[in-house]
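Welcome! Please keep the sequence and the model open as you read.

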Amino acid sequence: MYKYIFFDLDGTLTDPGEGITKSVEYALGKYGITVDDRSSLYSFIGPPLFESFMKYYGFSKEKAFEAVSYYREYFAETGLFENRPYEGIYDVLGRIRESGRTMVIATSKPEVYTERILERFGLSQYFDFVAGATLDSSRVNKSDVIAHAMKISGAADPSEILMIGDRSHDVTGACDNGIDCAGVLYGYGDREELEAAGARYILDRPEDILMVV
């Protein structure tokens, strides 16, 4: 039994597809780039945003950080609430909470937005600590976020921690810190991605989390 359960946010607790893709679309529009199908922007869900602007649109690092600032113009006011918790997730969190484990958010989303989302959707009550990215990107890599989560929660023994996330960077971030990771398939990653990254468990539904915690 793990004593500390770390959860990713986007694609694991909530489906942020509408808000994130609209925010990316808004940012790209500042450069005259149009998007015919917003689902083509799902790849932006999970990894650090500036990396995705560089990877998928060939932006320089400076241009990518500028694009992130445009993204936040829309996201901070509207996009963060164009979001919905996955069906069954409240029950899962409640049952883990009742078991007495320490529960921690570990997300690449800036903490200031994460806390607003958790509060808006009634999720903050389940978590003891929130570890996220910083707005200045001094902490944005998932490995660094997880290390920060370990520090603030007092989780010193990696064998006592389970990370739960939906994308490969959740898995590699956990592995970098010596932590087991459960990859979920109801989010935005697929089985091949999660297995290749080294996930110990692959789970189909939110309720399957209860089998491994």
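What follows covers helix packing, a cavity and one backbone angle.

This is a predicted model, in which local features need pLDDT of at least 70 and side-chain atom pairs count only at pLDDT 80 or more, while totals for chains, interfaces and linings use all residues. Residues are numbered from 1 along each chain as its sequence is written, and side-chain values use heavy atoms, with hydrogens and water left out.

**H1 against H3**

- Helix H1 (residues 17-29) packs with helix H3 (residues 61-75) at an angle of about 125°, and their axes are 8 Å apart. Helices (H or I, at least four residues) and strands (E, at least two) are DSSP runs, numbered from the N terminus. Axes are lines fitted to C-alpha atoms, for helices over the stretch in contact, and angles run from 0 to 180 degrees between N-to-C directions.
- H1 and H3 are therefore oblique to each other; angles under 35 degrees count as roughly parallel, over 145 as roughly antiparallel, 65 to 115 as roughly perpendicular and the rest as oblique.
- On the H1 side, the contact (heavy atoms within 4.5 Å) includes Gly19, Ile20 and Tyr26. Among the H3 residues that take part are Ala67, Tyr70 and Tyr71.
- This contact of H1 with H3 divides into 9 nonpolar, 2 polar and 2 charged residues. Here Ala, Val, Leu, Ile, Met, Phe, Trp, Tyr, Cys and Pro count as nonpolar, Asp, Glu, Lys and Arg as charged, and the others, Gly among them, as polar.

**H2 against H3**

- H2 also packs with H3, at an angle of about 120° and with axes 8 Å apart. That makes H2 oblique to H3.
- Leu49, Phe50, Phe53 and Met54 are the H2 residues here, and they meet Lys61, Ala64, Phe65, Ala67, Val68 and Tyr71 in H3.
- By class, the contact of H2 with H3 has 9 nonpolar, no polar and 1 charged residues.

**H6 against H7**

- Helix H6 (residues 142-153) and helix H7 (residues 168-176) cross at roughly 55°, and their axes come within 8 Å. H6 and H7 are therefore oblique to each other.
- From H6, Lys142, Ser143 and Ile146 meet residues of H7 including His169, Asp170 and Thr172.
- The contact of H6 with H7 has 2 nonpolar, 4 polar and 3 charged residues.

**The cavity**

- The structure holds 1 cavity of 30 Å³ or more. On a 1 Å grid over the protein atoms alone, a cavity is a set of points where a 1.4 Å probe fits but cannot get out, and lining residues have an atom within 4 Å of a point.
- The largest cavity has a volume of about 260 Å³, where a volume is the space filled by probe spheres set on the grid points, joined across faces, edges and corners.
- Of the 24 residues lining the largest cavity, Pro47, Leu49, Ser108, Lys109 and Pro110 are the closest to its centre.
- Helix H2 (49-57), H3 and strand E4 (102-110) each supply at least two residues of this lining.
- The lining has 14 nonpolar, 6 polar and 4 charged residues.

**A backbone angle**

- Ser137 lies in the loop between strand E5 (129-133) and H6. Phi of Ser137 is near 65°, a positive value in a residue other than glycine.

Key:
1 Å grid on protein atoms, 1.4 Å probe; cavity = no way out; pocket = protein on both sides within 12 Å on 5 of 7 lines; lining within 4 Å.
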